[in-house]
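Please consult the sequence and the three-dimensional model shown below. The briefing is arranged by topic.

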Amino acid sequence: MKKVYLVADNIISPIGFSTEENIENLRLNQTGIKKVDDDYIWSEPFFGAVVNNDKLSKAWESISSDLGYTKLEKMMLLSVSKMIVENPSLDIVKCGIVVSTTKGNINNLKGGLDKKAYLSSISETIQNYFKLDHTPIVLSNACISGGLALAVGKRMIQSELFEDVVVIGGDLLSEFTLSGFFSFQAVSNEPCKPFCKNRTGISLGEAAASAWLSSKKDTTKKEIIEITGDASANDANHISGPSRTGEGLYISIAKALKEAGLDSTQVDYITAHGTATPFNDEMEAIAFNRAGLQNVPLNSLKGYYGHTLGASALIESIVARHCLINNEVFTSLGFEELGVSQSINVITKNEKKELNRVLKTASGFGGCNVALIIEKVAS
Amino acid sequence: MIKEKYYISGFCSIKEKKVFKNGNQLYVDSESDNLKDFAKGIYKYLELKYPKFHKMDELCKLGFLASEVLIKDMKEVDQDTALVLSNKSSSLDTDRKHQESIQDREDFYPSPAVFVYTLPNIIMGEISIKNKLKSENAFFVTESFDAEFVSRYSEILINTGKASNVICGWVDLDNDKYDVFLAFLSKKGKIELTKEELNNLYNQ
């Protein structure tokens, strides 16, 4: 079976328009979540992480003068364009492309003109912009989309459909999703606090990201990072609430570890989903305990980015790659005191630490879960 | 990589007020003038007793009913049977309902019972719950049914041991127009799985 390497990436988020800028701000424990006062999104101020429109316009002008794109499209195209500039050997035209998004240009439903609200329109936009040989496949699988898209990309390479796959993820902080989460009473009235006793719900965010998966490891000058295991499993329990036993997440972790040929004692760090809703974080703690991972240092990046839906697990995997390269972990922002019934090891300060193997997990509506094992390849 | 042969061991479709299984017409309803009643008719025909059905949005009802038709005569469905579904319109049918509920700030009534259905993968959640499938799920959105990608992706899942069988297909609903096709892929059967065959059965 072919090996699949994570060789390059980019993140466009409220805390930076390059991966380096994002990592630097994570290192400074700088959050993108703030009080947002934007009547287009919500009638009252709320806490969320939004990409500044002026900053985006400026960055967009540097690559194109065409203003006929939506905010999400600009973010996605910018992300991929930056990755191409930084990696001249990436021949995007020949790559397989997986686009991960939950709601795409859902804002366009507001005006009634909804052609762009169809997710395949994003695929068309990306194909036309980069003049791609292959039509991008859109994956829309709730909050695990970004992680599952990496698994799908890996599987496409392993089955020899492509040598290289680019995964592009993105979602907006829209009135559409915010109103839905408010109706669930799941939105925090302060920046979210994953795994904390004082957590009251999520903060939403928006971002786009891209990652280059390749079967060839010599495409990167940096340390070589491989995705060695991936699995997804449904809870088969409830469509809007996580399983009380963490069943699907536990199965995903066990299967991903098995594929990677590892046991739970060999995982150095977990970059968890950690949305900061009472039920999600509790479920994760249960699943990690069942998998024997309760002592492994763990964080959630939702305190920095908010929940960026279809982008979140992709961004968190990209950050994991850089944590492996730089041998460091970041504090789980927003966490004060453990607020789940089973013990887990939440990271409370940045640390330099030798890392070889990272577990990335995500869970979402519809009972879906995904686990990825991301490893440093011994040189 | 050594490629095993896989088979389409069953298939079904729901289109134009008719339900087909393995190419034969199973149910027709020329009376009902809306999708809700049509779906309810199929539910009754299948003699289902599953109260959760009535809470589902119309897209989930269609996917759920098709899955029931597909596995109707099977003793049990292996827990490792993956779901690989796709469509063109994602969950837009319910997205529009949610949008309507937030369109007017003076008359603002978003509902969690509607919002939860604004994701297309919920169909797979519903099918998984009914059949206790703790398996791989993936929902893809493409302009039209992409038999090549769906069959290749399903093959990968079985090849790599991530699934024993796969229920794959197309479950689309847009402005009352629906088009549903599911196929059961496994290591046993008479029809060999190829993209052409899958596409032919979809177009039947």
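The points that follow cover the contact between the chains, a helix pair, and selected residues.

This is a predicted model, in which local features need pLDDT of at least 70, side-chain atom pairs count only at pLDDT 80 or more, and totals for chains, interfaces and linings use all residues. Residues are numbered from 1 along each chain as its sequence is written, chains are lettered from A and ligands numbered from 1 in the order in which they are written, and side-chain values use heavy atoms, with hydrogens and water left out.

**Contact between chain A and chain B**

- In this model, 56 residues of chain A are in contact with 53 residues of chain B, contact meaning heavy atoms within 4.5 Å.
- The two chains bury about 4,500 Å² between them, 61% of it on carbon and sulfur atoms; buried area is the accessible area (1.4 Å probe) that two parts lose on being put together, summed over both.
- On the chain A side, Tyr118(A), Arg155(A) and Ile239(A) lose the most area to chain B, together 15% of what that side buries.

**Helices H5 and H10 of chain A**

- Helix H5 (residues 145-158) and helix H10 (residues 312-326) of chain A have axes that come within 5 Å and cross at roughly 65 degrees.
- H5(A) is therefore roughly perpendicular to H10(A), a class that covers 65 to 115 degrees, whereas angles under 35 degrees count as roughly parallel, over 145 as roughly antiparallel and the rest as oblique.
- The axes are lines fitted to C-alpha atoms, for helices over the stretch in contact, and the angles run from 0 to 180 degrees between N-to-C directions.
- Helices (H or I, at least four residues) and strands (E, at least two) are DSSP runs, numbered from the N terminus.
- Gly146(A), Gly147(A) and Leu150(A) of H5(A) meet Ala313(A), Leu314(A) and Ser317(A) of H10(A).
- By class, this contact of H5(A) with H10(A) has three nonpolar, three polar and no charged residues; Ala, Val, Leu, Ile, Met, Phe, Trp, Tyr, Cys and Pro count as nonpolar, Asp, Glu, Lys and Arg as charged, and the others, Gly among them, as polar.
- Ser145(A) also belongs to helix H5 of chain A.
- Ser145(A) has a relative accessible area of 0% and so is buried; buried means under 20% relative accessible area, exposed over 50%, and partly exposed in between (1.4 Å probe, protein chains only).
- Beyond four places in sequence, the residues that Ser145(A) touches include Ser100(A), Thr101(A), Thr102(A) and Gly310(A).

- Asp164(A) is located in strand E6 (residues 164-171) of chain A and counts as buried because its relative accessibility is 13%.
- The side chains of Asp164(A) and Lys216(A) make a polar contact (2.8 Å); a polar contact is a pair of N or O atoms within 3.5 Å, where within protein one must be able to donate a hydrogen and the other to accept it, and residues adjacent in sequence count only if both atoms are side-chain atoms.
- Glu247(A) is placed in helix H7 (residues 247-260) of chain A and counts as buried at 17% relative accessibility.
- Neighbours within four places in sequence aside, Glu247(A) is in contact with Asp235(A), Arg290(A) and Lys134(B).
- The side chain of Glu247(A) is joined to that of Arg290(A) by a polar contact of 2.9 Å.
- Asp172(B) is found in strand E6 (residues 165-174) of chain B and is buried, with a relative accessible area of 10%.
- The side chain of Asp172(B) reaches the backbone nitrogen of Lys88(B) at 3.2 Å.
- Asp172(B) and Ser89(B) are 83 residues apart along the chain, with their C-alpha atoms separated by 6.2 Å.

**Loop residues of chain A**

- Phe195(A), in the loop between helix H6 (175-183) and strand E7 (204-205), has a positive phi of about 65 degrees although it is not a glycine.
- Phe195(A) is buried, with a relative accessible area of 0%.
- Leu309(A), in the loop between helix H9 (302-305) and H10, has a phi near 50 degrees, a positive value in a residue other than glycine.
- Leu309(A) is buried, with a relative accessible area of 4%.
- Thr277(A) lies in the loop between strand E10 (269-271) and helix H8 (278-290), and its side chain reaches the backbone nitrogen of Asn280(A) at 3.2 Å.
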